[in-house]
Amino acid sequence: MCGIVGYVGKNKAVPFLLQGLEKLEYRGYDSSGIAVFTNTGIKIEKKQGRLKILADAISTKEDLNNANLGIGHTRWATHGAPSDVNAHPHKSKSGKIAVVHNGIIENYIVLKNELMEKGFEFVSDTDTEVVAQLLDDMYNGDMFDTLKTAVNRLQGSFALGIVCDDYPNTLFAVKKDSPLIIGLNENENYIASDIPAVLSKTQTVCRLKENQIAVLTSEKVELFDFDGNAVEKTVSKIDWNVESAQKNNYEHFMMKEIMEQPEVLKATISPRIKDFDIKLDDIEFTKEYLENIDKISIVACGSAYHVGCVAKYFMEDILRKPVDVDVASEFRYRNPIVGENTLVIVISQSGETADSLAALREAKSRGARVLSVVNVVGSSIANESDDVIYTWAGPEIAVATTKAYSTQLSILYLLALYMAKKLNKISEEKYKENIENINRLPSLIEEVLKSENKIKEIAEKYLDKEKIFFIGRGLDYATCMEGSLKLKEISYIHSEAYAAGELKHGTISLVDNDTLVISLLTNEKLFDKTISNIREVKSRGAKILAISTEDKVSKINEISDDSIIIPKFCEMMLPSLSVVPLQLLSYYVAKFRGCDIDKPRNLAKSVTVE
Ligand code: M6R
């Protein structure tokens, strides 16, 4: 978690540091801080709370604003509560060295005890402070040399930005298991945890690889491995610009991202379909390989896990192979039955989720082939997988995922159809029909988005509910899980998703006059069954919001208090349509309740800690 930035150049550092941190606030916003090089050495300003508080504190300090070198940090608290003192940067005992950090130093207690015995005093509860103190302890007058030795003492994950009093023109950075990029420009260079932070300055970036140290001045950037050998930079041009990382005219990123879904789905799907043939980039699964797979195992967290839950239904249905779906934090510790004949699919928007990355490593260590579905190019999960399929969703800034979820789902449809065809599990006619259906997804989602105003009215009606259940069967149940998570994470309403047939085994005792039950009914075969479940909750006083297809309007209106109607479509892909009203509903409920939609409390976009 956390976001770090750094600047070295001929211009003022503070404007870049602040705007870079603003772009990284999605990584955490418990506190923020900067350390800059002034006429009287390194000075730190850091504050608990949102970046605005820090910006106000800095605005009157001339010496800080004149600096040409600095580092910055936006925090998601792991070790130590959100507070001024636990905010980064952290300074060393001598005051010579300041450090910002993203990741976790796992052996910090051992190091801290060692340093305390040597007389070092610690002021914060963070793991990061030991890095500053350790560097101070080991410092031999040559920072690069010191870093080379110090990194071998650190266990865990760390992207570090470092400034030192003896180096008024040099910024040091280190990467191990936490993301770090370098932005390259004329007369100035930058470090950042993610690309949007540098985009207003440059589109030329270099992603640090594992176990690298970077030394930046205004004129040049040099990279080294942990043994001190110089290594080549891999520089790339980013083809999305700063506007695409901005809100444009939307009030919130979440709404912008919901509305972008047709466009990003098209970008994700169309390059992969050529004359009814599915091309999964450079990936080739032979018929023999697929026949030998005895199981597909999908591993992910949060919404990405829900994509896996939806995929299980249609993959098992058409491939007739078992598909396990696991939450990554459970998979990694439960001695999973995974081996050479398992295809493990890791789904992740950020590509940096710590549990998903650890699950990937676990699966690989057991001999499984790992395919990842990832949005962030070059991220850790993408780098470590045997095969990667990128979702072309573009940067997703809102903490609540919407467009990444939809593009992930579309990749899983493509994958299932690709495999079914290779395995002769689908007729040519059915296959072609499904390819046409995938191609129709963007325009159908556009159609669903037109219900925005109606959904807004429904949201206003139910915004005071404190208890909301989502019920559905089959694919609808899997979509309910996502709808429920979306609603609770941004509106703070307690909601749960249940398989409709399961309610009477306990949960129905919670249903009363104050309950709203949101019911999804998109499956022909299960329609009447779910209607019976709706009757059960209705007779106990619940209000009903039903979401179903256009052929069911009269039946739905008869039983529900409110309804949202989506186009009739092939059932396997209906989850892509039915999730959209749930995203809009969550958005408007949260907005009417005055919630911080893009940055819900206690959350961060990218969960890079266990
Ligand atoms: O970056 P990832 O897709 O690996 O993130 C996984 C979850 O943290 C993420 O989907 C989370 O549940 C979302 N905030 C939900 O909207």
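How many residues lie between β2 and β3 in the hairpin that they form? The two strands of this hairpin are separated by two residues. The structure is a predicted model, in which local features need pLDDT of at least 70 and side-chain atom pairs count only at pLDDT 80 or more, whereas totals for chains, interfaces and linings use all residues. Residues are numbered from 1 along each chain as its sequence is written, and side-chain values use heavy atoms, with hydrogens and water left out.

Helices (H or I, at least four residues) and strands (E, at least two) are DSSP runs numbered from the N terminus. Strand β2 spans residues 31-38 and strand β3 residues 41-48; their pairing is antiparallel and comprises eight bridges, where pairing requires that DSSP finds at least two bridges between two strands. Within this pair, V36 has K43 of β3 as its bridge partner.

The largest nonpolar core contains 123 residues, and those with the most contacts inside it are I298, F314, M315, I345, L412, L415 and I518. Such a core is a set of buried Ala, Val, Leu, Ile, Met, Phe, Trp, Tyr and Cys residues joined through side-chain atoms within 4.5 Å. Buried denotes under 20% relative accessible area, exposed over 50%, and partly exposed the range in between (1.4 Å probe, protein chains only). Helix α14 (residues 403-422) supplies the largest share of this core, namely twelve residues. Apart from this core lies another, of 31 residues, including L154, I162, F172 and F224. In soluble globular proteins, nonpolar side chains tend to be buried together.

Contacts (heavy atoms within 4.5 Å) were examined leaving aside neighbours within four places in sequence. On this basis, the partners of I298 are G308, A311, M315, V323, D324, V325, D326, I345, I347 and L412. V373, in strand β21 (residues 369-374), is buried, its relative accessible area being 0%. With the same exclusion of neighbours within four places, V373 touches I345, V346, I347, S348, I389, T391, Q408, I411 and L412. The C-alpha atoms of V373 and V327 are 15 Å apart, with a sequence separation of 46 residues.

S379 occupies the loop between β21 and α13 (380-384) and is likewise buried, at 0% relative accessible area. Its side chain reaches the backbone oxygen of V376 at 2.7 Å. Beyond neighbours within four places in sequence, S379 is in contact with S350, G351, E352 and V374.

Helix α18 (residues 527-538) has twelve residues and extends 16 Å from its first C-alpha to its last, close to the expected 16 Å at 1.5 Å a residue; the expected span is 1.5 Å times one less than the number of residues. F527, T530, I531, N533, I534 and V537 are buried in α18. These residues lie on the same side of α18 because they cover an arc of only 160° around the axis, the arc being that of the directions from the helix axis to the C-beta atoms. The buried residues of α18 pack against β23 (467-472), β25 (516-521), β26 (543-549) and α19 (553-559).

Several backbone features were found in loops. Most residues other than glycine have a negative phi, and most peptide bonds are trans. The peptide bond from H88 to P89 is cis, with omega near 0°, and P89 lies in the loop between β4 (69-75) and β5 (90-91). N187, not a glycine, has a positive phi of about 65°; this residue is in the loop between β9 (181-184) and β10 (188-192) and is partly exposed at 41% relative accessibility. F276 also has a positive phi, near 70°, and is placed in the loop between β16 (273-274) and β17 (277-278), where F276 is partly exposed with a relative accessible area of 30%.

Key:
Polar contact = N/O pair within 3.5 Å; in protein donor to acceptor, adjacent residues only side chain to side chain.
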